[in-house]
Amino acid sequence: MSRINNTNIWINLKKHQKEINSIHLRDYFKDPNRFKSFSLEVDDFFLDYSKNLISKETMKLLYMLANKLKLKSQINAMFNGEKINWTENRSVLHTALRDKSKKSIIINNKNIKIEIQKVLDKVNTFSNGIRNGSLKGYTGKKFKSVVHIGIGGSDLGPRVINDSLKYYHDGPKVYFVSNVDASELKENLKNLSPETTLFLIASKTFTTQETMRNAKTAKNWILKYLSEKAIGKHFAAISTNEQKVIEFGIKKSNIFTFWDFVGGRYSSWSSIGLPIAIAIGYKKFNEFLEGGYEMDIHFQNKDYHENLPIILGLVGLWYNNFFNAQTYAIIPYDFYLSNFSDHIQQLDMESNGKFIDRDNQKVEYDTGPIVWGKPGTNGQHAFFQLLHQGTKLIPCDFIGFKKSLNQIEDHHDILMANLFAQTKALAFGLTKEEVKKKILHENKNGVDLIPHRTFLGNRPTNTILIDKLTPKSIGKLLALYEHKIFVQGAIWEINSFDQWGVELGKNLASEILKKIKTKSTLGEDVSTDGLLKKYLTL
Ligand code: F6P
């Protein structure tokens with residue numbers, strides 16, 4: 001029997017939701033202090049959460065819920081290396097990777113900060129060598145292209161961060177290949193020269209089917225054009241499984257390790273970030289780490305009402321559990337963050353898509369939301385119709401920068417005007433009366449357009465306004481979402497750091513592949529067998 005939904009505080013939150021359900025954001029905004037009361041400035045980050053369906057009482061109750069679940073001590077447990085990933089008996093210390101303090105972090109009698117620094121130094125030396133050409137390919141040429149092969153956390157994090165920091169790229173071009181669909185590798189290698197291409201094989205386990213298949217094909221490509229001896233120079237691996245890497249044929253000095261206390265989807269801060277360091281240089285990669293560290297300090301030390309990840313986590317939970325919102329959208333108004341939501345989608349859905357709680361019982365409340373999103377203004381001309389006039393409640397995070405990296409005439413003002421306009425339209429809508437005034441003369445062809453042109457509003461948004469897109473601010477932003485997800489997982493009492501839910505499909509794929517190779521069927525369900533037969537006759 002799950003506990004949190006039986007607590008008084010949960011029951012009070014439910015009651016409170018019913019009480020405030022009929023209050024419109026238009027009513028809340030009669031309070032001239034609303035913006036001041038529900039916004040927060042933390043250095044270069046500004047969060048406006050006033051356009052949410054919340055009152056001071058809501059936040060008070062949510063903070064009480066966090067207290068009830070001992071959120072602060074759960075946060076400390078993570079930072080102190082307690083084994084909070086209890087199904088895998090592991091600490092969760094991606095935060096140690098970016099910890100810039102002098103403090104030691106002892107795990108199994110070892111100060112892991114020393115190990116971490118050694119690997120970072122290696123990332124520094126290697127990325128520098130690739131960038132300045134002192135590390136060359138087999139035929140003595142400088143590397144022009146780097147192909148990073150990985151999937152899931154070994155792909156999405158570095159891929160999305162790398163995209164976000166494209167403005168700062170001044171090293172070899174970095175490509176990312178994840179899908180086992182040969183077309184992805186083929187298309188990426190199409191215009192590359194084996195002599196000037198370096199492969200980074202990123203896999204925590206070094207057993208993941210897709211990555212291993214792609215890595216072998218990449219190896220064959222090098223063998224076809226160069227020689228066996230070239231592998232040592234053209235391949236590096238990022239993995240915790242040294243033995244498997246060596247079996248694959250990658251030399252020991254080209255192995256970048258990380259540790260089991262770093263979850264795949266939290267690993268961009270580790271050597272998995274090597275392609276980023278190659279693209280932007282180690283100095284800037286380190287600024288990205290510093291950004292993450294700044295958010296860690298903030299998360300650990302600030303009270304609930306001054307704490308960005310805690311506020312975002314609790315407000316998100318409010319909709320998820322008390323308004324039955326099934327999804328939330330992340331809408332960055334910045335080209336460089338076009339794929340940002342892809343990474344947060346994995347981070348959130350792989351972390352909190354769980355139905356078993358700390359007591360090994362099925363939860364009796366909703367856990368992780370569906371996360372999705374696309375950049376503005378493009379989204380406005382695609383899915384925003386549903387956000388404005390659909391039947392579903394979809395809370396959104398809008399992310400914008402005060403300064404554009406490409407300040408050309410009034411582009412940025414137009415972009416930001418759209419961001420502000422959308423959150424305003426979503427919050428306040430347009431009443432029948434307002435529509436009547438506006439379209440008095442447009443009521444043509446006998447169609448009453450008034451209901452069609454009415455916007456109910458009351459659709460909640462957060463706006464995260466950041467001074468400027470830099471490696472540091474991207475580090476902060478990513479850590480902000482990591483911790484937001486932590487807050488929610490901690491309150492739902494689920495393990496945000498395992499991912500057993502991906503295993504069944506992986507195992508079945510291996511079984512089915514064997515059947516495909518022997519041209520037989522599983523002899524089990526008629527649908528899968530039927531499909532296999534169809535596939536095999538082709
Ligand atoms: O599919 C789940 C998963 O285990 C992710 O958590 C992980 O990031 C990804 O696969 C890739 O795993 P690996 O880095 O071991 O290849």
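Helices here are DSSP runs of H or I with at least four residues, numbered from the N terminus. The model is predicted.

**Ligand site**

| Protein residue | Protein atom | Distance to a ligand oxygen atom |
|---|---|---|
| Glycine 153 | backbone N or O | 2.7 Å |
| Lysine 204 | polar backbone atom | 2.8 Å |
| Threonine 205 | side-chain N or O | 2.6 Å |

How much of the ligand's exposed area does the protein bury? Taken alone, the ligand exposes 390 Å², and the protein buries 88% of that.

**The pocket that holds the ligand**

Where in the protein does the ligand sit? The ligand takes up space in the largest pocket. That pocket has a volume of about 860 Å³. Its lining counts 37 residues. Nearest the pocket centre are Thr205, Thr208, Gln499, Glu503 and Lys506. Thr205 supplies a side-chain N or O atom 2.6 Å from a ligand oxygen atom.

Three helices each give at least two residues to this lining: α9 (209-225), α15 (340-352) and α20 (503-517). Which of them gives the largest share? Helix α20 does, with five residues. By class, the pocket lining has 18 polar, ten nonpolar and nine charged residues.

**Enclosed cavities**

The count comes to three cavities of 30 Å³ or more. The largest cavity holds about 130 Å³ of space. It is lined by 14 residues, and those closest to its centre are Gly316, Tyr319, Tyr328, Pro395 and Lys484. The elements that give two or more residues to this lining are α14 (308-322), β10 (327-332) and α19 (471-492). Helix α14 has the largest share, five residues. The lining divides into seven nonpolar, five polar and two charged residues.

The second largest cavity holds about 40 Å³. Its lining consists of Leu97, Ile116, Val119, Leu120, Thr257, Trp259, Trp269, Ser270 and Ser271. Which helix gives the most to this lining? Helix α6 (residues 112-132) does, with three residues. How many charged residues does this lining have? None are charged; six are nonpolar and three are polar.

**Backbone details**

Most residues other than glycine have a negative phi, and most peptide bonds are trans.

Where is threonine 377 placed? Threonine 377 is in the loop between β11 (370-372) and α16 (384-389).

Aspartate 43 belongs to the loop between β1 (39-42) and β2 (45-48).

Note on methods:
Residues numbered from 1 in each chain as written. Predicted model: local features only at pLDDT ≥ 70, side-chain atom pairs only at ≥ 80, totals over all residues. Heavy atoms only, no water. Polar contact = N/O pair within 3.5 Å; in protein donor to acceptor, adjacent residues only side chain to side chain. Areas by Shrake-Rupley, 256 points an atom, 1.4 Å probe, with all protein chains shown as cover. 1 Å grid on protein atoms, 1.4 Å probe; cavity = no way out; pocket = protein on both sides within 12 Å on 5 of 7 lines; lining within 4 Å. Sits in = over half its atoms within 2 Å of the grid points. Points joined across faces, edges and corners; volume = space filled by probe spheres on them. Nonpolar A, V, L, I, M, F, W, Y, C, P; charged D, E, K, R; others polar.
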